[in-house]
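Trainee: I would like to learn how to read a structure like this one, feature by feature. Could we take the features in turn?

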Amino acid sequence: PPRILTLEEPVLHMDHCIAFAVHGNPAPTLHWLHNGQVLRETEIIRMEFYQQGEVSEGCLLFNKPTHYNNGNYTIVATNQLGSANQTIKGHFLEKPFPAVSGLFSFQMQYTPKFLCVDSKAFPFQVSIAVGLAAFACVLLVVLFIMINKYGRRSKFGMKG
């Protein structure tokens, strides 16, 4: 019957790889389960292996996996004499948002400093920003008028 020799946690090479080696005579057929469900091969997840005598070695490859790909991966090897399986946990990315406790309520575990706004200081900061913008606009208009008015005179009384 088949025997699973090795099953390793995902490692990043070119793609993420869950390496495995299976021994069996006759050669076993291999398939994978993800959290107990049959795993279909897609452009993101595919299995590559080669047969060397009675040993099949290969990888379950993940191309840019996300947090949806986290979970338990089970390799199942089957031939006419029996079957064997082994499970390993695959963790690729953290969830981008914390768990949802209600329909529209989120629990923030970490709030970055730039998101913390003091409600008393906010109107003052806005008024400073608006004042600086208005000052810059007035300064540009004055410079434009001065360049147009005094920039046309020839220097040293020379006529062009």
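Trainee: Is Asn 35 buried, partly exposed or exposed?

Mentor: Keep in mind that this is a predicted model. To place a residue, take its relative accessible area: under 20% is buried, over 50% is exposed, and what lies in between is partly exposed. Asn 35 has a relative accessible area of 45%, so this residue is partly exposed. Asn 35 sits in the loop between β4 and β5 (37–38). Its phi is positive, about 50°, although Asn 35 is not a glycine.

Trainee: What is the peptide bond from Asn 25 to Pro 26 like?

Mentor: For a peptide bond, look at omega. From Asn 25 to Pro 26 the bond is cis, with omega near 5°. Pro 26 is in the loop between β3 (16–23) and β4.

Trainee: What does UniProt list for residues 122–147?

Mentor: An annotation should be read together with the coordinates. The UniProt entry, which is unreviewed, lists residues 122–147 as "transmembrane region". In the model this span is 100% helix and 0% strand, and its end C-alpha atoms are 38 Å apart.

Trainee: With which strands does β8 pair?

Mentor: For a strand, find its partners, the direction and the number of bridges. Strand β4 (residues 29–34) pairs with β8 in the antiparallel sense, over six bridges.

Trainee: How many of the nine residues of β8 are buried?

Mentor: Seven of them are, and the strand is mostly covered. Thr 74 is a case to examine, as it lies in β8. With a relative accessible area of 12%, Thr 74 is buried.

Trainee: Which side chain does the side chain of Thr 74 join in a polar contact?

Mentor: The partner is the side chain of Thr 87, and the polar contact is 2.7 Å. Next, list the contacts, setting aside neighbours within four places in sequence. On that basis Thr 74 is in contact with His 31, Trp 32, Leu 33, Asn 85, Gln 86 and Thr 87.

Trainee: What describes a pair of aromatic rings?

Mentor: Two values do: the distance of the centres and the angle of the planes. The count in this structure is four aromatic pairs. In one of them, the rings of Phe 62 and Tyr 73 have centres 5.2 Å apart and planes at 75°, so the pair is edge-to-face. Phe 62 lies in strand β7 (residues 55–62) and Tyr 73 in strand β8 (residues 71–79), so the pair ties together parts that are 11 residues apart in sequence. Phe 62 and Tyr 73 are both buried.

Trainee: How are the rings of Phe 62 and Phe 92 arranged?

Mentor: That aromatic pair is tilted, with 4.7 Å from centre to centre and 45° between the planes. Distant parts of the chain are linked by this pair: Phe 62 is in strand β7, whereas Phe 92 is in the loop between β9 (82–90) and α1 (122–150), 30 residues away. Like Phe 62, Phe 92 is buried. One aromatic cluster is formed by Phe 62, Tyr 73 and Phe 92.

Trainee: What share of the 160 residues in the protein is buried?

Mentor: For the whole protein, read totals. Buried residues make up 27% of the 160. The protein exposes about 12600 Å², and carbon and sulfur atoms supply 62% of that area. Of the contacts with a separation of 6 or more, 55% are between residues 24 or more positions apart.

Notes. Residues are numbered from 1 along each chain as its sequence is written. This is a predicted model: local features need pLDDT of at least 70, side-chain atom pairs count only at pLDDT 80 or more; totals for chains, interfaces and linings use all residues. Side-chain values use heavy atoms; hydrogens and water are left out. UniProt positions are given in the numbering used here, feature names are shortened, and annotations may be inferred rather than shown by experiment. Helices (H or I, at least four residues) and strands (E, at least two) are DSSP runs, numbered from the N terminus. Rings of Phe, Tyr and Trp (its six-membered ring) pair if their centres lie within 6.5 Å; planes under 30 degrees apart count as stacked, over 60 as edge-to-face and the rest as tilted. Buried means under 20% relative accessible area, exposed over 50%, partly exposed in between (1.4 Å probe, protein chains only). A polar contact is a pair of N or O atoms within 3.5 Å; within protein, one must be able to donate a hydrogen and the other to accept it, and residues adjacent in sequence count only if both atoms are side-chain atoms. Contact means heavy atoms within 4.5 Å. Accessible areas come from the Shrake-Rupley method with a 1.4 Å probe; for residues, only the protein chains shown count as cover. Two strands pair if DSSP finds at least two bridges between them.
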